[in-house]
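Have the model open beside you as you read.

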Amino acid sequence: MRAVVVTGASTGIGHATTKLLLQRGFAVFGSVRKEADAERLQQEFGDGFTPLIFDVTDEAAISAAADQVRSALKGERLAGLVNNAGIAVGGPVLELAASEFRRQFEVNVIGPILATQAFAPLLGTDPTLSGAKGRIVMMSSVAGRFGNPLMAAYSASKHALEGLSDGLRRELMLFGIDVIILAPGAVKTPIWAKAEHDDMARYANSLYRPAMETMRALLPQMDASGLPPETIAEAVVEALTADQPKVRRTLTPSPLYHLVMRLLPTRLIDKLIAKRMKLQPPAP
């Protein structure tokens, strides 16, 4: 039985990935945080799907889930771990509480570390198990290499995830376990809807309020023009099954735009973004 663990399976990329893996004949263990989501997905996906109830910041719950998966696999290895669960914390660096930065990093960086440590034996570090060695797919973002204003906490977490993934891939060569990075651009997922509904009251007297309002106005546009999560799911399945998958793939609805942004001088990009986001200093 080829089996994959997908974190954050209740919506968006995680849900689409779970659905496609099941269609391709995999068994899927999908993490959710709520019992109601577990019941909903079990009903939707049927016997090939097993819900795992844990928050990616809860080390004990993740360890218990790994024991559950080990028992179900009966001596076989996992084919893959998809570290997909994540959140986006928005706001200016100067006005975000340290607790918000910690929450961003706990979910987007520490979470994948905990999941990887817990499931690594099932992927191939435990020599007593049988079957092919598994792979790890890390869900990064174009923001991991491009820091947008008012989303610096999110960009920093994805930049950290990229560095973690490269180092981890080289460490896991010892066991024959590969690590692949996927870096989507805008995707039609609930992560942007959640950001759109963030409380703006705390920025009522902030000099960043015009920029925050501009960013909020852009969120529906980003969602409308984003890639469908099914496109990212196809890339996940390819990363798990291809003979020689690319180490890192960027997936964006506007590849030409991102190419141009890589080629332009950084100072020019700063000026263009500042103008668009109303981050220019007032005229003297």
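Setting aside neighbours within four places in sequence, Ile 136 is in contact (heavy atoms within 4.5 Å) with Leu 81, Asn 83, Thr 116, Leu 123, Leu 168, Leu 172, Ile 177, Asp 178, Val 179 and Ile 180. This is a predicted model, in which local features need pLDDT of at least 70 and side-chain atom pairs count only at pLDDT 80 or more, while totals for chains, interfaces and linings use all residues. Residues are numbered from 1 along each chain as its sequence is written, and side-chain values use heavy atoms, with hydrogens and water left out.

**Nonpolar cores**
- Ile 136 is also among the residues with the most contacts inside the largest nonpolar core, together with Val 5, Leu 52, Val 69, Leu 78 and Phe 119; this core has 30 residues.
- At least two residues of this core come from each of β1 (3-6), β2 (27-32), α3 (59-73), α4, β5 (135-139) and α5 (152-172).
- A second, separate core has 29 residues, including Val 32, Phe 45, Leu 182 and Leu 251.
- A nonpolar core here is a set of buried Ala, Val, Leu, Ile, Met, Phe, Trp, Tyr and Cys residues joined through side-chain atoms within 4.5 Å; helices (H or I, at least four residues) and strands (E, at least two) are DSSP runs numbered from the N terminus.

**A buried glutamine**
- Gln 104 is found in helix α4, and it counts as buried because its relative accessibility is 0% (buried means under 20% relative accessible area, with a 1.4 Å probe and protein chains only).
- Not counting residues up to four places away in sequence, Gln 104 touches Ile 87, Ala 88, Val 89, Val 109, Ala 153, Tyr 154 and Ser 157.

**Helix α8**
- Helix α8 (residues 229-241) has 13 residues and reaches 19 Å from its first C-alpha to its last, close to the 18 Å expected at 1.5 Å a residue (1.5 Å times one less than the number of residues).
- Its buried residues are Pro 229, Ile 232, Ala 233, Ala 235, Val 236, Val 237, Ala 239 and Leu 240.
- They pack against β1, α1 (12-23), β4 (80-83), β5, β6 (178-184) and β7 (248-251).

Notes: Buried means under 20% relative accessible area, exposed over 50%, partly exposed in between (1.4 Å probe, protein chains only).
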